[in-house]
Amino acid sequence: MSSNNVVKARSNFADRNPGSRSHYDEARKYMPGGQTRSVLTHAPFPLTFASGSGATLTDVDGHTYLDFLGDFTAGLLGHSERRVLDHVAEALTHNASVGGIHPAEATLAKLMCERFGLDRVRFTNSGTEANLLAMTTAVITTGRKKIMVLSGGYHGSVFYFASGNAPWNAPFDFVITPFNDEAAALQAITTHASTLAAVVVEPMLGSGGCIPASPQFLTSVFQAARNVGAVCIADEVMTSRHGSSGMMNMLGIEPDIAAYGKYIGGGFSFGAFGGKAQFMDMFDTSPESNRPSPVAHGGTFNNNLSSVTAGCKVLGEVFTADIAVAHTARGDEFRQAIAAVIARSGAPVSVTGFGSMMSLHALATPPVSPTDIANRDIELQELLFFGLLERGIYIAARGMVNLGLAHTDDQLAQFLDALAETLTTLN
Ligand SMILES: Cc1ncc(COP(=O)(O)O)c(C=O)c1O
């Protein structure tokens, strides 16, 4: 594939999007890179969106796209889920920023505990913070410092392990072990047995390319970690949408603490961490607590009314456990349909994923590790992205595709047609 094709695709994109270009140029004066969320970066510049409705997004140049990114899983509900938006709007007429308790907090906490099998939960503002607090809980309760993570993992802006320990990561003492490599992980746990506070896993690498971890790998890593007294943390920020109680539950593996976020906030910023009382109750600063030194967990917006109210509606009505089960199955079917389109095309492209989360890769064979992802044909990957955009489909530049609740069967068929057409241009 010649790079001329990429140059042409970028230039066609720039010609079609003068409005997004001028937003980008203006934004660059005030924000490094013209935006405040690095994952949105792609050449020549990202689109600026003016509005969304259901499963569609319209940019400032008036192009309407089928949104198959779903805000990296946070946009599960689509852009106009009235039940959530109206509920939040109504709540905000009574109160906005409350320096006190409001009833929705306990309602959401109960919904989360019952849904995900948690003893206790606490809220944060993001998935990053949820993981930060989960790791902190492990460090304090064990009195140890090391945190084992998997290569290719992403647990938030300061927990980035795509290629080693990123220089901007939070200063925990990380041990990085290869993803899906059971022998290496068990060896690392043995080596660091007496200093290991926690292992943190994503049951499927999300940002790392929608590569599921093998259940055998996860089971034995958690078992070995428990045997040496380390805390088992599951990052379900993306994957809690799967099945009735999240992906770990589907695999039959129980974490000590899990992190949540994304779609639960119904479009509002959200994070939560929760799990076994023996760990979570260290945050009990109440007068009833008999703890000599409970740990404080502050955060002005931890209980913010909009996110918490939205979360109640999301888990209580819009995305119930039954709907989640059906959505996971629909996602599996959609991914199989994508794989069939790819197979018919003969293009060196593959799809991986689980349930409603998936990723397209410019690799003839589906990747099973972050090392495979590193071998993607980056030009082909970019052409795939631009090819779909030109046909009215918006996905992540890096290939992520998420099925949302608002997608109709017709829209799924449109995606498959656009993909088939795009693939013919890549051969
Ligand atoms: C698995 C996982 N954990 C944590 C995070 C961080 O969540 P947030 O962006 O809300 O801080 C993300 C975000 O993409 C994620 O995919």
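View 1. The centres of domain 1 and domain 2, taken over C-alpha atoms, lie 27 Å apart. The contact, in which two residues count if their C-beta atoms, placed from the backbone, lie within 7 Å, takes 23 residues from domain 1 and 23 residues from domain 2. At least two residues each of the side of domain 1 that touches domain 2 come from α11 (321–345), β15 (350–354), β16 (357–361) and α12 (370–374); helices (H or I, at least four residues) and strands (E, at least two) are DSSP runs, numbered from the N terminus. That side of domain 1 holds 13 nonpolar, ten polar and no charged residues, where Ala, Val, Leu, Ile, Met, Phe, Trp, Tyr, Cys and Pro count as nonpolar, Asp, Glu, Lys and Arg as charged, and the others, Gly among them, as polar. The domain assignment, from an automatic or database source, gives domain 1 as 3–76 + 321–426 and domain 2 as 82–318.

This is a predicted model, in which local features need pLDDT of at least 70 and side-chain atom pairs count only at pLDDT 80 or more, while totals for chains, interfaces and linings use all residues. Residues are numbered from 1 along each chain as its sequence is written.

**View 2. The shell around the ligand.** The ligand is surrounded by 16 residues, of which the closest are Ser126, Gly127, Thr128, Gly156 and Val237; a residue is near the ligand if its C-beta atom, placed from the backbone, lies within 6 Å of it. Two or more residues of this shell are given by each of α5 (127–142) and β6 (154–156). By class, the shell has four nonpolar, ten polar and two charged residues.

**View 3. The open, mixed sheet.** Seven strands, ordered β4-β14-β13-β12-β9-β5-β8, form this open sheet with mixed pairing, two strands being paired if DSSP finds at least two bridges between them. At the edges, β4 (120–124) and β8 (173–177) each pair on one side only. Strands β12 (residues 231–235) and β13 (residues 257–261) run parallel and are joined by three bridges, and Ala234 has Ala258 in β13 as its bridge partner.

**View 4. Helices α6 and α7.** Helix α6 (residues 182–191) packs against helix α7 (residues 215–227) at an angle of about 10°, with the axes 10 Å apart; axes are lines fitted to C-alpha atoms, for helices over the stretch in contact, and angles run from 0 to 180 degrees between N-to-C directions. The two helices are therefore roughly parallel, a term for angles under 35 degrees. Glu182, Ala185, Leu186 and Ile189 in α6 meet residues in α7 including Phe217 and Val221.

Key:
Parallel < 35°, antiparallel > 145°, perpendicular 65-115°, else oblique.
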